[in-house]
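Please read the following points with the sequence and the structure open beside you.

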Amino acid sequence: QVQLVESGGGLVQAGGSLTLSCVSSARAFHNYHMAWFRQAPGKEREFVAVISAYGGGTQYGDSSKGRFTISRDNAKKMVYLQMNNLNPEDTAVYYCAGGAVLSTAPRVYPNWGQGTQVTVSS
C-alpha cells in the first residue's frame, strides 16, 4: 500500500503564504500523477492542482490558479503546494492524492493522505 503524508498546514493571516508538503512511500513515485484537493466542512472536495508524473505539466483549479503553485521532487518522493495571497475562503483540510491517471476528479485517485489543516484568519 502507498502511504501519503501531508504536512505544513497551520494558521496564517489573510494575505500570507504557506507551503504544504506531501511525502510518498510509493516504490515508483515517478509513475504517479500527484494532485492536491481540499475540503471545508459541509462542502464537497475541491480540486486544487495536479502535476504530471514526470513534472511536465500542471493544471490548477479556478480558485487556485494564479496564487498556488504545485511542484514535485521525484528524487525525494515529495509533492509541494506553495500557496500565496491566502484568504479565508482557502480554509480547509488539504489532501495529497496520487494515481496512474491524471484527473481533476477525486474519485480517480486511489491513494490519499490524511490531510493537513489550513486555517486563514481575516
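1. In this predicted model, Cys-22 and Cys-96 are joined by a disulfide, with an S to S distance of 2.1 Å. A sulfur pair counts as a disulfide when the two atoms lie within 2.5 Å, and by this rule the model holds one disulfide. For orientation, such a link is a covalent bond between the sulfur atoms of two cysteines.

2. The two partners belong to distant parts of the chain: Cys-22 lies in strand β3 (residues 18–24) and Cys-96 in strand β9 (residues 92–99), 74 residues apart. Cys-22 and Cys-96 are both buried.

3. The handedness of the bond also deserves a remark. The torsion about the S-S bond of Cys-22 and Cys-96 is about -80°, and the disulfide is therefore left-handed.

4. Attention may now turn to strand β5 (residues 46–51). Is this strand mostly covered or mostly uncovered? Strand β5 is mostly covered, since five of its six residues are buried.

5. Strand β5 runs antiparallel to strand β4 (residues 33–39), and five bridges join the two. Within this pairing, Ala-35 stands opposite Val-50 of β5. β4 and β5 form a hairpin with six residues between them, and Gly-42 in the turn has a positive phi of about 80°.

6. Strand β5 also pairs with strand β6 (residues 58–60), in the antiparallel sense and over three bridges. Here Ile-51 has Thr-58 in β6 as its bridge partner. The hairpin of β5 and β6 has six residues between the strands, and Gly-55 in this hairpin takes a positive phi near 75°.

Technical notes. Residues numbered from 1 in each chain as written. Predicted model: local features only at pLDDT ≥ 70, side-chain atom pairs only at ≥ 80, totals over all residues. Heavy atoms only, no water. Helix = DSSP H or I, 4+ residues; strand = E, 2+ residues; numbered from the N terminus. Buried < 20%, exposed > 50% of the residue type's maximum accessible area, 1.4 Å probe, protein only. Pairing = 2+ DSSP bridges.
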